Every structure is written in structure tokens, then in C-alpha cells.
Amino acid sequence: MIAFLLPNWIGGHTAYHSHGVQAAHIEGLWWLMFWVCSVVFVAVMVALGAAITRPPRESGPPGAIPPERRERMSRVVAGAVGVTVLVLFVLLFASVSTGRAIESLRASKAITVKLTGHQWWWEVEYKDPVPEHIVQTANEIHIPAGQPVRVELASADVIHSFWVPSLHGKRDLIPGHSSEIWIQADRPGVYRGSCAEFCGHQHAHMGLLVIADPPAQYAAWYAGQLQTPPPPADPLLQHGRQVVEAGPCAICHNIQGTQASGKLGPDLTHLASRRTLAAATLPNTRGNLGGWIVDPQTIKPGNQMPANSLTSEDLQAVLAYLESLK
Ligand code: CUA
């Protein structure tokens, strides 16, 4: 309704542009509540204005109300109470039926994504009974458009909250307690999400993207993520890989097929295929990646990644290598 007034960049991160069946239910409930409450507000203001501007009665002692007027006032108050109760019941019914509708999205053979919140990034694992078919990534969830997807939620440290407003409401990620949420994007697109529970210094920089692909494109993306990157043939990339494996990168990050097998930070096996860095804080460009590696504390103070002082030769080689991890 007023969605067209919102700037374009907000379009991917707002509950006013629902792109999933559940978000559509929530948006409908919001507009119902908005209009009902607007009408109630205007009615109360009109009644208040009428009471204030009404001329005072001229005769009779204060407090003495003629019986017929008393009866009329009683009827008005009883009517207002009745309307109020009715309106509250309508909103209650709408709220409960919206809750039931958004919980009814299920599918027997759905993709399951395990999402683990960290200060301040999202660990993403596509579950599969066959270990070789498990995909690990970070801060970006690809899903097939038009299909329900089950998202298992967990936290590695404090309480976070998963919220992609164009697709669904919020659901908390609680340490030691797993929960789940089902999402569905009706159309292909990129939907921005964020952490919706204050979780420390960089809470505001804990974003993620949900990328809904046409099913064939999703299958191609998944097949690509399953590939182990081949050992580089180019000497520059070989040098970059050596620096990554021998340096501190390998302690925290995993790259399939290399000696880097850390689990503390995001998996980098297909880093170059992702759109953003540092949990949707920066576009994934060479310049941003270089800045992030050398001085992550200026970009996102307090995050777990330490600064890395590399020679410019090593840094260029590392950047070339990481950018080859498509
Ligand atoms: Cu994680 Cu706020």
C-alpha cells in the first residue's frame, strides 16, 4: 500500500514487501491492525474533541444528572464496551489464524539448513545423510524458489535471532536449545536478513542473504558447492595457497582440499561465490577482501578476526587465491 514510498534499497529488507507465503500472512495482519487501530484512534479523538468543546450545562447542582440523560449515557458506554470487545476479538481471531497459517508450511522431503549464530556471523550447513553431500558455507543461504525449506536454528554463544522480513517473522537462536523455522520464497530473488536480537558490539553487522534461485539454478549452485577446489596451477595462486595454509588463516578457517581446516570462522571453500564479506557488511570485492584481511578491527571492531600483517606480495597472492575459490 504505502510500500511504493519506501526507498528501493529498503525493498530487500522490509516486511512491507512480502515475497513468501508466511510474510504475506504477517503483512496482511499488520495492515488489518493498522487500519482498525487508525479508525479507533480517530473515533476516540473525535469523541474527546466533542466532549471538550461541548458547552457546560447551565442549571442544576454539579453531579446531578437527569435520569433520561443518565440512561442515554449508560447505553453509549455499554455500546462502546461492546464494540471494543468485538474489535479485540476480531484482532485476536486474525492474530491466531495468522499464527496457524504461518506454522502450517511444511513439506515431507524438504531441504534442511542448519543455521548456527556466532558473534557476529552465520554458519550455514546443508544437512544430508551422506557426509559427502553436506555443504558448508556462511552468511548466505541459497534456497530453491517456491519450495518450503526447513531451517534448524542453534547458537554457538549468545542469543541471536533469525529474521528475513520479506519471507517470515523472527525466530531466536538460543544456546543449548535447538529450534526450527520454515521459510519459502515465492519468487527468485535476494532477500536480506539480519540478527534481530541484541548480541553484542557488532549485532548491527550480523546480516545475511537468502538467495532464492529457480530450482535448476539452485541444483547447479549446490553441485558447485560440493566440488573441492582443484589445486591451483598458477604460481601466484600456489603461493597464495601456501600463505593461507602456513599462516594464521588455517587455524580458524576451513578450505576443502587444503590443510586449512579451522572451524572457528566461516568456511572459505567457495568464498568467491559469495556476494558479501563479514556477514553482509561489505560487498565481496578484491579491495574489501584485502582491507578485511589486513585490518578487520577497523571495519568491524570487536570481531574475532585478528589483523594480519602480510607483505604486499603475500597479500596479493592470497587475494588472487581466495578470489579463485568460486
Ligand atoms: Cu546476533 Cu544480534
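**Backbone, cores and a cavity**

Author: Let me begin with a loop: W120 lies between β1 and β2, and please keep in mind that the model we are looking at is predicted.

Reader: Which residues does the cis peptide bond join?

Author: The cis bond joins Q119 and W120, with an omega of about 0°.

Reader: And what is the phi of N139, and where is N139 found?

Author: N139 has a positive phi of about 60°, although it is not a glycine, and it is found in the loop that runs between β3 (135-138) and β4.

Reader: Is N139 buried or exposed?

Author: N139 has a relative accessible area of 7%, so it counts as buried, the cut-off for that being under 20%.

Reader: What about A279, where is that one?

Author: A279 sits in the loop between β11 (276-277) and β12 (282-283); its phi is positive, about 60°, although A279 is not a glycine, and at 1% relative accessibility A279 is buried.

Reader: Moving to the packing, which residues touch the most other members of the largest nonpolar core?

Author: Those are L115, Y126, I141 and F162, in a core that has 30 residues. The elements that each supply at least two residues of this core are β1 (111-118), β2 (121-126), β4 (140-144), β5 (149-155), β8, β9 (189-195), β10 (207-213) and α3 (215-226).

Reader: Take L115 then, what is it in contact with, leaving aside its neighbours within four places in sequence?

Author: With those neighbours set aside, the contacts of L115 include the nonpolar residues W122, V124, I141, V151, L153, A154, F162, L173 and L208, and the charged residues E123 and E152 are also in contact with L115.

Reader: How many residues are in the other core?

Author: The other core, which lies apart from the largest one, has 17 residues, among them V243, L268, L271 and L289.

Reader: Changing topic, how many cavities of 30 Å³ or more are there?

Author: The count is 1 cavity of 30 Å³ or more, and the volume of the largest cavity is about 40 Å³.

Reader: Which residues line the largest cavity?

Author: The lining is made up of Q22, I102, E103, L105, R106, H168, R171, E180, I181 and W182.

Reader: How do the lining residues divide into nonpolar, polar and charged?

Author: They divide into 4 nonpolar, 2 polar and 4 charged residues.

Key:
Residues numbered from 1 in each chain as written. Predicted model: local features only at pLDDT ≥ 70, side-chain atom pairs only at ≥ 80, totals over all residues. Heavy atoms only, no water. 1 Å grid on protein atoms, 1.4 Å probe; cavity = no way out; pocket = protein on both sides within 12 Å on 5 of 7 lines; lining within 4 Å. Points joined across faces, edges and corners; volume = space filled by probe spheres on them. Core = buried A, V, L, I, M, F, W, Y, C linked by side-chain atoms within 4.5 Å. Buried < 20%, exposed > 50% of the residue type's maximum accessible area, 1.4 Å probe, protein only. Helix = DSSP H or I, 4+ residues; strand = E, 2+ residues; numbered from the N terminus. Contact = heavy atoms within 4.5 Å.
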